[in-house]
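I am opening a notebook on this structure and will write down what I look up, one entry at a time.

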Amino acid sequence: MKPLLSALALGLSLTPALAEDWQQVLDQARGQTVYFHAWGGDQRTNDFIASVGDRLQDDHDVTLRHVRLADTADAVARVLAERAAGRDSGGSVDLIWLNGPNFLAMKEQDLLHGPFVADLPNARYLDLTEGSANTADFTVPVEGLESPWRLARFVFTYDSARIAAPPADMAGMVDWAAANPGRVTHPDPANFMGTTFLKQALIELAPAGTDLSLPPDDDSFAAATAPLWEWYDALRPHLWRDGLSFPENESIQQQLLNDGEVDLGMSFDPASAAAAIADGLLPDTVRVHVPAAGSIGNVSFVAIPANASNIAGAKVLANALLDPETQARMQNIDNLGAFSVLDPARLDDAATAAFAALPTVPALPSLQDLGPVLAEPHPGWATRLTDAWQRRYTR
Amino acid sequence: MAAPLHKVRSLRGLGGTLVALLILLPVLFGLGHSVMAGFGHLPVLGVKGPSLSPWQTLLAQPGLWRSVILSLWTGMAATVLSLILAFGAIAALQGHAPRLRRVLAPLLAVPHAALAIGLAFVIAPSGWIARLLAPALDWSRPPDVATLGDPWGLALILGLILKETPFLIAILLAASSQIPLRAQMAAARALGYGRAAVWLWLLVPQLVRLIRLPVLVVLAFSVSVVDMALILGPSNPPTLSVTVSRLFTDPDLHAMLPASAGALMQLGLTALAAAILWAAMRLAGWCGRAILRRGARWQGLDRALAAPVAMLALLLVLAGLAAVTLAVWSIAFSWRWPDLWPDRLSLATWQRQSAWLPAAQTALWIALAATAIAMLLAVLWLEGSDRADRPGLQGWMRAAVALPLVLPQLSILIGLSGLLLRADLSPMAAVIWGHVLFVFPYLVIALAGAWAALDPQLTRTAASLGVGPWGRLWRVKLPVLIAPLSLAAALGFAVSIAQYLPTLFLGGGRVATLTTEAVALSSGSDRRVAAVHATLQAGLPWLIYLAALILPAFLHRDRRALKGEPG
């Protein structure tokens, strides 16, 4: 009760000042053009961002320019190159969609503006209490330097017309792949989805008592991954292309699933299968599958580079992304289908009703179908997994 | 003549200064930045050199040596095969040069990325060829055969050949107008040599000397290509260029150090490839002369000329299929194995103009501006050289032209974007400048030959009639050169449309062109919207090429020798 009271007291004392400050931000933002650097590989996400831009223009006279990245690291490299040239303000990147390793890299290099999240009016709909999913990005403390905007959950996709559901755990995948030689693959672990596949297996296969939230060292990594490599050595010969080459990312693997070249896809967006079906990008018999013990989940964030030209505009955009109306529109499968980051307990009745009224389709799992969320390991695990995989399997 | 001589000097000087300031020096500064970072000096990251640790990190990359060998192998195989095919094709089809040029022009204009996206679908295990074969071979599912991204890089080599052969043929057609081809052929035929033998003993050695730089450019490009290698090449490990570009975009910013070392290694690899090619050509020349001295007429060899023609036809069919693929995918709704044709067509992707129109407009304006600036620079320099009575492609200008093409783009671009930020240039201007860097060399290469081959009698006659230097340029040279000029402009336009890394890096991601969008979308799951961008990316340069072919023919419809159709 005591933390709640103090939070309430803090909230009361801050509210008028906050409103005043926010009006200042809105005034500054008016007429600005915000360059939002975000991965551009998904047309529905691109369309949704464009629709947010339309609202932003109408409501706040802020123009949104979506810079479509092939790889988020391009934007990180960009900000660094600007700092290399001594450009500490007037930078070309105003807002970045990022998380995990890219966030860690920017935070460690001191390339981020903020903390700013608590200043956003719509942050009141977020669960920002210590330990919530919004306060740690791949176990790295967020510290108000990035604002959440959508939930990500690791899921498998498969064509139910061609095969039965994949095995209930990662261990079962070896026999399954052996029974379907050349029909199973995963994205290259140089790509985050490929790494996530390995992390999902690591979480399931690591010896009891392994704490993946701690940064790994040589010994703990070797001990934790020994069963993983044993499993993977058994799996690999049965993979697509004899396990010698891999799709670059999950989108290309989805294309392979659509082309009938493989039977398994994977995604960080549980709605992606339903969306792809509606869009003609997957057969309508594709379904989502989650391992029985649950799957890795994380939150997608947006962050403002320290040298951004349009910091006020970027904040207005980050706030607009958290608007309950925007979030409900985002979770609507007809638009995007990505799960909202807002805390249902903090929504008013109208917003709650809007979420409850969202349409559903057969390929779209409910939050209950997805089972428990497995926490992301510390980013150090992903880096080491990628390196170790490449050392072991790249000749 | 004293006053005109002074003016002559200043025009050449002006052109030279502009080229040095706009192209040569920035490239060298960019390279310098890479050398510093490659040897561990990058103060902004708090790293002070010199040190060898970037190289150690680079060499510790998994599969690095295989990547190096892959780059060398794919680049050299593509270059040598393209060269052989190009020589074979013009030897067999010399008499049909205009038609050959017209057939190849569209292919020449297609950007690498667009062609790669189309070709990938044609040759994929679930692609058009496999679907055609499926009923006969009873394939219920696509075969698990690596026809794409194979470990040997064969698909990448095919893609490169598809692009480089037409380029080399175009260069050879231009170069062969510089030698007395018909007279030599007639004389050698009279001595009893077969057509193919005349080419081998007499014409190829002369032409090789004329096209050394373009061949080196093809070689350097093929050894260091990124976009095509990503789409068609092996992935585990990929080619060195892909490894280096991945290092550069690694979230761990310190990976920029080994990436810079990798850029230098890429440079060394290009030099090694050039040395090997040079040695091989010397050896071939030596063998050729040995055979020639024995007096063999080799008339039977003529029949072998059918082989390159057949190969060229096959390449054209593949390229045609790739182009059609792009067009069909752009209007498909869903198109799955084993259907030969989409089960549902839809114009939805095209109708969503906001998805492609801005990128198309941006690409168009950048290409027009970059080509115009580069053309101005090239004409300024070549005309200045002409008036100074010196060859255009000589000395340091050779280096200025070669450097941007021979150096891997990645190795100079990070340094260049650093330089540009200090100059506080708008992103659009920076991108246009970046494109000029790579368009200008192509224009000079394409035009220098034509300029040198210009009949001096024409200008001498004009001068004797009292026409001044500018009058001679405007009223004699440029009209006479309209065919090579318009083809060069079309080439420059196509080069600009195809640029990926300069647009992304110098534009800071703020400038979205058809190419940056197509490449971003090719790593997505929607082949249709990628196909729309690739179709436009291929279509725009194609239209410009068409105009470049029609324009001289129309302007000179009553002047046979000026229609740009030698022979």
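**Entry: where the chains meet.** I began with the contact between the two chains of this predicted model, and I found that 50 residues of chain B and 56 residues of chain A take part in the contact. On the chain B side, I noted that helix H12 (240-248), strand S1 (332-334), helix H18 (409-423), helix H24 (514-522) and helix H25 (527-555) each supply at least two residues. The largest share of that side comes from H18(B), with 5 residues. Sorting the side of chain B that touches chain A by class, I counted 22 nonpolar, 15 polar and 13 charged residues.

**Entry: confidence in chain A.** I then looked up the pLDDT of chain A, which averages 90, with 95% of the residues scoring at least 70.

**Entry: domains of chain B.** For chain B, the assignment gives domain 1 as 65-252 + 283-348 and domain 2 as 355-400 + 424-567, and the C-alpha centres of domain 1 of chain B and domain 2 of chain B are 23 Å apart. The contact between these domains of chain B involves 28 residues of domain 1 and 30 residues of domain 2. I listed the elements that give two or more residues to the domain 1 side, and they are helix H4 (97-109), helix H5 (112-123), helix H7 (154-176), helix H10 (212-224), helix H11 (227-232) and helix H14 (306-330) of chain B. H4(B) gives the most to this side, with 7 residues, and by class the domain 1 side has 21 nonpolar, 5 polar and 2 charged residues.

**Entry: H3 and H13 of chain B.** Next I turned to helix pairs, starting with helix H3 (residues 64-93) and helix H13 (residues 256-293) of chain B, which pack at an angle of about 45° with their axes 10 Å apart. Because of that angle, H3(B) counts as oblique to H13(B), and the crossing of H3(B) and H13(B) is right-handed. Among the residues making the contact I marked B:Leu72, B:Gly75 and B:Met76 of H3(B) and B:Leu269, B:Ala273 and B:Ile276 of H13(B). The contact of H3(B) with H13(B) has 8 nonpolar, 3 polar and no charged residues.

**Entry: H16 and H19 of chain B.** Helix H16 (residues 357-387) and helix H19 (residues 427-453) of chain B also pack at an angle of about 45°, here with their axes 7 Å apart. H16(B) is therefore oblique to H19(B), and H16(B) passes H19(B) in a right-handed crossing. The contact includes B:Ile373, B:Leu377 and B:Asp386 of H16(B) and B:His435, B:Phe440 and B:Trp451 of H19(B), and its residues divide into 19 nonpolar, 2 polar and 1 charged.

**Entry: H14 and H25 of chain B.** The axes of H14(B) and H25(B) come within 7 Å and cross at roughly 130°, which makes H14(B) oblique to H25(B). This time I noted a left-handed crossing for H14(B) and H25(B). B:Leu326 and B:Trp329 of H14(B) and B:Arg527, B:Arg528 and B:Val532 of H25(B) are among the residues in contact, and by class I found 8 nonpolar, 2 polar and 2 charged.

**Entry: backbone details.** Last, I checked the backbone, where a cis peptide bond with omega of about 10° joins A:Gly114 and A:Pro115. A:Pro115 lies in the loop between helix H4 (101-108) and strand S4 (136-137) of chain A. In chain B, a cis peptide bond joins B:Trp337 and B:Pro338, with omega about 0°, and B:Pro338 lies in the loop between S1 and strand S2 (344-345) of chain B. I also noted A:Phe138, a residue other than glycine with a positive phi near 55°, placed in the loop between S4 and strand S5 (140-141) of chain A.

Methods. Residues are numbered from 1 along each chain as its sequence is written. Chains are lettered from A and ligands numbered from 1 in the order in which they are written. This is a predicted model: local features need pLDDT of at least 70, side-chain atom pairs count only at pLDDT 80 or more; totals for chains, interfaces and linings use all residues. pLDDT is the predictor's confidence in each residue, from 0 to 100. Two residues are in contact if their C-beta atoms, placed from the backbone, lie within 7 Å. Helices (H or I, at least four residues) and strands (E, at least two) are DSSP runs, numbered from the N terminus. Ala, Val, Leu, Ile, Met, Phe, Trp, Tyr, Cys and Pro count as nonpolar, Asp, Glu, Lys and Arg as charged, and the others, Gly among them, as polar. Axes are lines fitted to C-alpha atoms, for helices over the stretch in contact, and angles run from 0 to 180 degrees between N-to-C directions. Angles under 35 degrees count as roughly parallel, over 145 as roughly antiparallel, 65 to 115 as roughly perpendicular and the rest as oblique. A crossing is left-handed if the near helix is turned anticlockwise from the far one by less than a right angle, and right-handed if clockwise. Domain bounds come from an automatic or database domain assignment.
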